[in-house]
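Please keep the sequence and the three-dimensional view at hand while reading.

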Amino acid sequence: MIVTDKQELRRCVKQAVRRAQVAETLLRFDVQSGSLGVDALMAALPPRPGTPFGMDGAAVYAALGALELPARDLASARSMQESYDRNAWLREVLDALRAQRVLAVVPVGQAGNAAFEDDRISAMIEAEAALFAPGRYGIPFEAAARQLAGAVRACGARDVLAEGLGMDALRHTVLPVCEEERCVLHVSLEGEAQVRTLDALLRDFPGVRAVAWAQGGAEALLIETAARQTGLLVRLTEMNHLPLALEKLGCRFLPYASGAALPELMLGRWLVAREQLWPLLADAYLPLARAGYPLDSQRIESDVNDLLTGSLKALYL
């Protein structure tokens with residue numbers, strides 16, 4: 001169907017974003033034994049009296065609505081949730097999210113027990129800072145590499161998370177393990193200097209694919225860098241960089257990750273993020289539509305699917 005006016009464009013983009021499956025790349029939750037459910041979700045509200053302004057206030061109530069739990073009767077909501085067993089409830093949350101894939105953070109020491117009933121959830125092994133605590137002879141990069149590789153093999157992980165690590169830890173441990181074990185690196189960067197260093201390191205390890213994120217000006221530089229690095233996928237932390245990412249990368253980036261500590265909060269944050277994403281994406285199409293580009297609903301759906309799942313999936317091919 002050819003899109004012929006602005007309102008039709010907005011409806012089409014809104015529908016595509018709301019209906020599309022998503023890939024969540026940062027769930028900070030112990031899938032096997034972490035607390036979940038209505039009580040855990042309500043505890044995520046801002047710890048202050050009055051109206052819960054802010055993204056997580058909206059996310060909590062959006063999640064309740066998506067799960068068809070009555071926000072005005074939490075006792076009934078709790079009873080409804082508790083009628084499910086743990087795995088069935090997780091499936092309900094993933095179904096409401098329209099999840100295609102969820103990467104759950106798993107510490108190195110818990111890798112041997114990381115087995116998930118729902119195959120939409122995958123382990124992402126965290127290269128924890130504790131692995132790199134200096135010893136008598138300096139930082140034990142080789143021992144850290146053995147531990148990290150062992151954890152990856154223990155649960156068959158295809159993803160490694162590196163947050164708050166120095167570039168030497170990446171160079172001497174994390175990147176060699178990712179290259180040897182054929183894992184995708186997920187890495188947070190602090191400042192433009194680290195963006196430039198990662199760019200150089202990925203050239204030294206051409207077999208490694210990476211998902212990276214940063215903030216502020218560093219995120220803008222990361223977007224520019226990813227335009228030259230085919231193995232580097234940017235995950236936005238700031239929606240206001242969406243127009244720049246679309247201009248430089250097309251749909252080869254990730255617009256969002258929840259970073260949630262609860263599955264239900266992950267669901268709610270994604271619901272809020274979708275409502276932020278679709279107007280920005282609709283505005284990005286407007287100059288093309290006004291210039292006479294033959295925009296149709298199938299093209300929009302394809303673009304949205306590339307953004308939310310396809311670009312990540314391509315890293316593993």
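Against which strands and helices do the buried residues of H5 pack? They pack against strand E1 (22–27), helix H4 (74–82), E2, strand E3 (121–126) and H11. The model is a predicted one, in which local features need pLDDT of at least 70 and side-chain atom pairs count only at pLDDT 80 or more, while totals for chains, interfaces and linings use all residues. Residues are numbered from 1 along each chain as its sequence is written, and side-chain values use heavy atoms, with hydrogens and water left out.

**Terms**

- Helices (H or I, at least four residues) and strands (E, at least two) are DSSP runs numbered from the N terminus.
- A residue is called buried under 20% relative accessible area, exposed over 50%, and partly exposed in between (1.4 Å probe, protein chains only).
- Contact, which also covers packing and touching here, means heavy atoms within 4.5 Å.

- The buried residues of H5 are Ala88, Trp89, Leu90, Val93, Leu94 and Leu97.
- Arg98 lies in the loop between helix H5 (86–97) and strand E2 (99–107), and is partly exposed because its relative accessibility is 42%.

**Helix H1**

- Helix H1 covers residues 6–19, 14 residues in total, and its first and last C-alpha atoms are 20 Å apart, close to the expected 20 Å.
- Glu8, Leu9, Cys12, Val13, Ala16 and Val17 are the buried residues of H1.
- Seen down the axis of H1, these buried residues fall within an arc of 160° (taken from the directions from the helix axis to the C-beta atoms), so they line one face of the helix.
- Exposed residues Arg11 and Arg19 are carried on the face of H1 turned away from its buried side.
- The packing partners of the buried residues of H1 are helix H11 (263–290) and helix H12 (297–314).

- Ala218, Glu219, Leu222, Ile223, Thr225 and Ala226 are buried in H9.
- Down the axis of H9, its buried residues also fall within an arc of 160°, so they line one face of the helix.
- Helix H8 (191–204), strand E6 (209–213), E7 and H10 are what the buried residues of H9 pack against.
- Gln229 sits in the loop between helix H9 (217–226) and strand E7 (232–234), and counts as buried because its relative accessible area is 9%.
- Neighbours within four places in sequence aside, Gln229 is in contact with Asp199, Leu202, Arg203 and Arg252.

- Most residues other than glycine have a negative phi.
- Arg98 has a positive phi of about 60° although it is not a glycine, and the phi of Arg182 is likewise positive, near 60°.
- Arg182 is found in the loop between helix H7 (167–181) and strand E5 (184–188), where it is exposed, with a relative accessible area of 73%.

**Pairs and contacts along the chain**

- Met239, in the loop between E7 and helix H10 (242–249), is buried at 14% relative accessibility.
- Met239 and Ala273 are 34 residues apart in sequence and 9.0 Å apart in space, C-alpha to C-alpha.
- Not counting residues up to four places away in sequence, Met239 touches Pro255, Tyr256, Ala273, Gln276, Leu277 and Leu280.
- Cys155 belongs to helix H6 (residues 141–155).
- Beyond its neighbours within four places in sequence, Cys155 is in contact with Ala111, Ala114, Ala123 and Ile125.
- Between Cys155 and Thr51 there are 104 residues of sequence separation and 43 Å in space, C-alpha to C-alpha.
- His172, found in helix H7, is partly exposed at a relative accessible area of 42%.
- His172 and Glu8 are 164 residues apart in sequence, and their C-alpha atoms are 52 Å apart in space.

Key
Expected span 1.5 Å × (residues − 1).
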